[in-house]
Each structure stands twice: as C-alpha cells, then as structure tokens.
Amino acid sequence: MTSSIEQKIEARLKKPFFTEMLVMAVSTGSNHTKYIEVVKEWSLFIRKKLEERNLIKNIKHRPKEFWNFKGKKKIYNIDGGQLSLAVPGGATMGVRVGTYRVKPGDYSKDTREGFDDSSTLISNLVDRTGHSHYEEDGDFDLDYKKMLEGSRMIMELAEVVKQSEAKGKWNEKPTKDDVIFLHGPIIYQAAMYHLSSSQNSKSPPYKEGFFNSLLQHSPNFQLDIFKNRNKEDEKDLRTFLPIYCELGNYIKNSNVPTYGVVERSINKSSVVQKAVIGELYQTKQREWLMLKQRDFGWSWNTKRVDGSDEGEKVLDIFKQYMLGDPNLFDLILDEGEYLEPIQVTKQYEEKYSSLDYIFRNVFKTMPEPYVTYLKTSEFRKPLRIETLNVTSNFHDDIDLVYHSAKMLPQYAFPLGLDTVDKLAKIPSWMKNSFRNAYQMQMLRSVIDSGNKEHIELGLKSLIPNRTGWNRP
C-alpha cells in the first residue's frame, strides 16, 4: 500500500519546475525513469530518517490567533541593491540599503511603520590615494562587479548593526523579542569577494569615512584585530574581509534575532543536504569540517543512522543525480513544515590560503550560518532561512515568516521583505522615463551629426541583444 508521503512525492515530481531535474538527468547519463525512481527512493529515505528523529517541525496556519502582537513586536526588514539606471553604457552609480520597520497591531499613524535608508556613491567607496591595482589590472570588470556586490553585502550587515544600536531613524533599540530580516543570505562565501586575487595584487581599502560609517558599534569591537589596531594594518582593516567578519560576529553575538530569507535558492546547491547527511550518519568528513577545521559542534543531538560507511555512499548518490537543496526539501516537506536548523559550511580554508597573513587569520573567526528550509506553499519552492545564532525565539520567528508569507499567497514570501524590496528600488516609471528621454536625446544627436557610422552605432546600442534588429 502506497504511503501518504510517497503519493505526495510522486505528485511533486510532476510539478512543472521539476522538468529541470529531468533535463539534468540527461547530463548524468541516466534515463528519465531511472532518475525519477532513484530520486523518489532517496527522498523517502531522508524523510523517514528525519521524521524518526523529530527533526521536521510543523506550523499550523492560524492567522486570527497568531496576529495578536498589539504593537509590542518590532519587525525590521532590510534589503540592499545597486543605484543604477537602465541606459546604454550606464554604469552603477552607488549602493543603497533600505529598512522597513513595522509594529503589527499598532494602529498609530506615526509609530506603526516607517522607512529608513542608507546610500553611498561608488566614488565614495574606494580609497584611491597611492597606488591602485585597478590602473594596471586586466580583470578590471570582474573586480568592479565584486567590489559592488561586496560593498552591498557589507552595507546590509552594517544596517543590521546600525538599527541594533538605534543609530538610524529610530531611537528605540530592538530587543530579544523583536526580529530583523534580511532579503537574501545572512552570510556569503566571503573570500570570493576579496579583491586580491593573488599575492601581487593589493586590494584597495575603503575610504575612512565609509569605513567608520559601517562600524556603528565602535569602540565595542568583536575581533581582536579591531580592538588592538595597529597603524601598519590600518589599510588592511579597511578592506572587505575584516569588515565583513567583524560585522558578522556582531550579529552572531547579538541578542536580537536576525535572519536572512532567500526566496530563490540555487537549484544546484547541495550544501544543506550534505550537512544533513553528514549529521545523520556523523560522517568523518562532516566531523572534520565542523569539529576539527572550524571547531563547531554537532547541530543535532540525535541518534546516528545505522551503517558506518553508508553516509559517504548516500552523498555520492545525491551528487551523481544532482538533486539540489530546493528540490530535495520541496519533495520531502509538506506545507507548513521546516527542518530543525543545521549549521553549514560556507567558508573553506583553501579559499584563504593564497591571501596575506591578516586575511588568512580572518578565516578562523568567520561565522557560519544555521540553515533551515520552510515550505510556505505547495505551489512554490521552500524558503531558505539562515541565522548566525539560534536563539530561544527561533521557532516563533519561523512561525512569523510562515504567517507573513501566507499574506502573499500567490508569491509565498514574507510581506515585510516584499515591501522593503519595492521601497529600496528606483521606481520603474522613473527608470523607464529617464531611459526613454536619454535614448531620444542620443538619437537626435547622432542623426543631427549626419555621420552614417554614428547613426548605425546609435541604433545598435538600442538593440536588446545581438540577434535583434532595427527597422530603417
């Protein structure tokens, strides 16, 4: 007799977005039938082992009972982005981070909700005094993109610190009963955003003013390298890795619950399933990564799955069949269910080995996130939720994510983060109007020039892609 969860997994394997799994099956050399059979078998197996150990939690949708905060809980929603306008040849002008704070149940027009933001122009980011490797670096475009992305990541964490220290728009500090949500991962693989790609290329420091604006908790630093600052290391401290690590450790040690909520996880990512299998089987690889290399303990105090060497075999199966985290947890979780948080490894020592001494030392103190997957809707892939510190409020905060996501049933994403995402962006009507005005002015100029080559170049710049064309 087919079990209820088996029937559900069979139905989920027929979802439209699981077609991509079948496409990936071709690349593994597997036929579709075999691929589906193996995926179903191992999804059922993982579900069973997690259930036996009470590692899958359930939330009931109870909106009338749940939304009863009476204005006593402050919810901070933070999202960052780049200041740019979609015009041909237009570069990003700056980085912007917005915070939308709301107090559910507070019906006062002045205190219920508000918006705060921080923005920095690109010209105010990097300290170009002295030699800059940009002037001779052949990989300028790649480094420029990394600098923008890394700056946004730093500013998002710095916004958490700023709001936690009540140095933004509001004078009231958040407490352990409040919550801060980030739109996106709470921590990234940091070494890849450090601009020094070799011993010969020196990463330019951030400007001192921008650097000081990030560390709103000064002088209460978290890391020794900031507490005992050496003049010789001053410029190195103003680079991405040390700042990111300092801000991450502030959040890790804060009593204010802070979470990163990812709406679209990378389908091929398998970092969570590797951690799950490693914990269930207590594999040597997991033990080495967490206990030996990073000095972190086991996330789950649970009975080990039988079979001393089976864990490595299971990892090989999941690797062979390319079943990413979002797909696996969409198969095994029901609506309202989530996984007990598990610590994953994002920072790897070999990524830091080629860096200077001060940056290699950062690896030892870079925090690693605890991750769960929460299924808010049967028609959407589960949300990935990360935190650097599992507090006593963790399960209540996941409940909050679930109920706020149910307020957007077609989108299945927390309403507050959806709101700040819109508030932090340049409105489409402004971007489109500016782009249209720019294009009209540019075309007038090239046509008035009478230069055929300039006119052709102007028309080509408006083509959306290489296969497009313009009617004469």
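**A walk through the model**

Start by selecting A424, which is buried, with a relative accessible area of 11%. Here, buried means under 20% relative accessible area, exposed means over 50%, and partly exposed lies in between (1.4 Å probe, protein chains only). This is a predicted model, in which local features need pLDDT of at least 70 and side-chain atom pairs count only at pLDDT 80 or more, while totals for chains, interfaces and linings use all residues. Residues are numbered from 1 along each chain as its sequence is written, and side-chain values use heavy atoms, with hydrogens and water left out.

Stay with A424 for a moment: the loop between α17 (415–423) and α18 (428–449) holds this residue. Helices (H or I, at least four residues) and strands (E, at least two) are DSSP runs, numbered from the N terminus. Setting aside neighbours within four places in sequence, A424 is in contact with D79, R96, G98 and F115, where contact means heavy atoms within 4.5 Å.

Next, select H217, in the loop between α6 (208–214) and α7 (224–227). Is H217 buried or exposed? H217 is buried, with a relative accessible area of 2%. Show E246 as well, and you will find a polar contact of 2.7 Å between the two side chains, H217 and E246. A polar contact is a pair of N or O atoms within 3.5 Å; within protein, one must be able to donate a hydrogen and the other to accept it, and residues adjacent in sequence count only if both atoms are side-chain atoms.

Now for some charged pairs. Side chains of opposite charge can pair when their charged atoms come close. A salt bridge is a side-chain nitrogen of Lys or Arg within 4 Å of a carboxyl oxygen of Asp or Glu, and by this rule the count comes to 32.

Pick R294 and E368, whose salt bridge has its closest N and O atoms 2.6 Å apart. R294 lies in the loop between α11 (284–293) and α12 (310–320) and E368 in the loop between α15 (357–365) and β9 (370–374), so the pair ties together parts that are 74 residues apart in sequence. Both R294 and E368 are buried.

For the last stop, select E378 and K375, joined by a salt bridge (3.2 Å, N to O). E378 is partly exposed at 21% relative accessible area, whereas K375 is buried at 0%.
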